[in-house]
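Here is a note for a colleague who is new to this structure. Please read the points below alongside the sequence and the model.

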Amino acid sequence: MEKITKILQAFVVIFGLSLMTNCTPNEIADNKNADASDKARIWFYNHKNDYNAIILQYIENIDWENAIVSYGNDEEIIEVPFTLDDNLKTSNENATLQNDSHRLVFVKDTQQNFKAYYIQIFADDDSRSLNKISAYYGASNNFSGKIFKQNLLTNNVTAKEYKNGKEVKLSISSKMREDYYDCTFFGYWEGGNFTPLKLLYCESIGGVDPTIEGGPTGGGSGSGGTSPKSSDSCPAGYRYKLGECVLIEEGKNLTMPPPPDLPITSIKDFLKCLDISKSAKLTVYAETMWGENGVGHAFIGISQGSNSAVYGYYPKKGLLGSVTGQGIMGDNGGAHYNVSASLAITGTQLNRIITLSQAYQSDNYDISFHNCADFATDVLNIAGVSTSGYIDSPDTTAEILKGIPNYTTGSFNAPKTIKSCL
């Protein structure tokens, strides 16, 4: 009897192995892709509230079943197509970007951590040549068009353009100014015209601030005319900024701030004494620009019990003439400010601010679209304070703070950073 039992057990094992080996390579790949998509889906819905990205408010349907899974640089990339609510489209203000498609992208590293991105694809025709192909590392398959990639945590954007599957350098020629696409909006098409409804993001062309090079500009606010469309329509001494002709103050509009006096090499270690299971006090500070303040600065402070962390976002190297570069956090304990406001935050909000700080620390600083004021206003968004979503500066941050009931003004110095934990 024992011998018969062993024979039956062996038969079951052999039969099971034969079933496994009968799986086709496509079936194995499909199962692996489905597993990767499921993990990304679970992670996304568990962390969705960590993000302030506007795009998430307008998603109608996420197509998890048709996720595109690829691998590279020790990373697993899961790209999930989605559609927008109420047939909304996205384009630049001049409506030269068409045939848009959208993906949520989840990049998993060897530590099983995810980073989330939004990829927007504008095809030059309606061939949809990237429908089932990864676009995270770039386009292939003879694709022609533009791909924008937005970090959902920091909202920082990068752009690439392709012709027949090959990347081409973004031009700043007169033709590019005519077909300008530095700012992208939600809106709808009607009768061949695009009507913008809400700003999604802005992007410098080729790493150069387009407002210097003469991007689309126009009649200026208060002129009673249409919104700016070309650099020629801005009067001398003015430059384009988000639909307006803005007065150029030489040496002021685009001055790269210096790096921090006290750089923070590890923001995680800098904030380790804060307990995300408890509430805390958030204070946002602004040192307005010019006068005795130089380029100004916006930064934050978090206090909890005997611990306080005061810090802000900087370029790692303040290179003359540059507008973008590696970012870094700096300790602003004792720093000067002249406007501030404080808010109570929950442990959940504190955790989101810490996560945001870590993302900024590893991202690029951009003087126009990803600067100290952008960090401060992103933190205010987490705390429930509505901000403009446009180009921010220490001055615009100060004006936002003045809308909070307990704001203070005057010449002050922030408290010192104190860490009482080991």
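1. A residue is called buried when its relative accessible area is under 20%, exposed when that area is over 50%, and partly exposed in between, with a 1.4 Å probe and protein chains only. By that rule, 47% of the 422 residues of the chain count as buried. This is a predicted model, in which local features need pLDDT of at least 70 and side-chain atom pairs count only at pLDDT 80 or more, while totals for chains, interfaces and linings use all residues. Residues are numbered from 1 along each chain as its sequence is written, and side-chain values use heavy atoms, with hydrogens and water left out.

2. The chain holds eight helices and 21 strands; these are DSSP runs numbered from the N terminus (helices H or I, at least four residues; strands E, at least two). Taking contact as heavy atoms within 4.5 Å, 62% of the contacts between residues at least 6 apart in sequence join residues at least 24 apart.

3. A nonpolar core is a set of buried Ala, Val, Leu, Ile, Met, Phe, Trp, Tyr and Cys residues joined through side-chain atoms within 4.5 Å. The largest one has 76 residues, and Ile55, Phe106 and Tyr311 touch the most other members. Helix 7 (residues 372-382) gives this core its largest share, seven residues. A second, separate core has 14 residues, among them Ile77, Val105, Ile119 and Tyr162. Beyond its neighbours within four places in sequence, Phe106 is in contact with residues including Trp43, Phe44, Trp64, Ile77 and Phe114.

4. How do helix 7 and helix 8 pack? Helix 8 covers residues 394-401, and its axis lies 8 Å from that of helix 7 at an angle of about 25 degrees; axes are lines fitted to C-alpha atoms, for helices over the stretch in contact, and angles run from 0 to 180 degrees between N-to-C directions. Helix 7 is therefore roughly parallel to helix 8, given that angles under 35 degrees count as roughly parallel, over 145 as roughly antiparallel, 65 to 115 as roughly perpendicular and the rest as oblique. On the helix 7 side the contact is made by Cys372, Ala373, Ala376, Thr377 and Leu380, and on the helix 8 side by Pro394, Thr397, Ile400 and Leu401. By class, this contact has seven nonpolar, two polar and no charged residues (nonpolar: Ala, Val, Leu, Ile, Met, Phe, Trp, Tyr, Cys and Pro; charged: Asp, Glu, Lys and Arg; polar: the others, Gly among them).

5. Helix 6 (residues 347-361) also packs with helix 7, their axes coming within 10 Å and crossing at roughly 155 degrees, so helix 6 is roughly antiparallel to helix 7. Among the residues making the contact are Arg352, Leu356 and Tyr360 of helix 6 and Asp374, Phe375 and Asp378 of helix 7. Six residues of this contact are nonpolar, two polar and three charged.

6. Phe122, in strand 6 (residues 114-123), counts as buried because its relative accessibility is 2%. Phe122 and Lys146 are 24 residues apart in sequence, yet their C-alpha atoms are 5.2 Å apart in space. Asn99 is one of the contacts of Phe122.

7. Most residues other than glycine have a negative phi. Asn99, in the loop between strand 4 (89-92) and strand 5 (100-108), has a positive phi near 50 degrees, and counts as partly exposed at 25% relative accessibility. Asn164, in the loop between strand 8 (157-163) and strand 9 (166-168), has a positive phi near 55 degrees and is exposed, with a relative accessible area of 54%.
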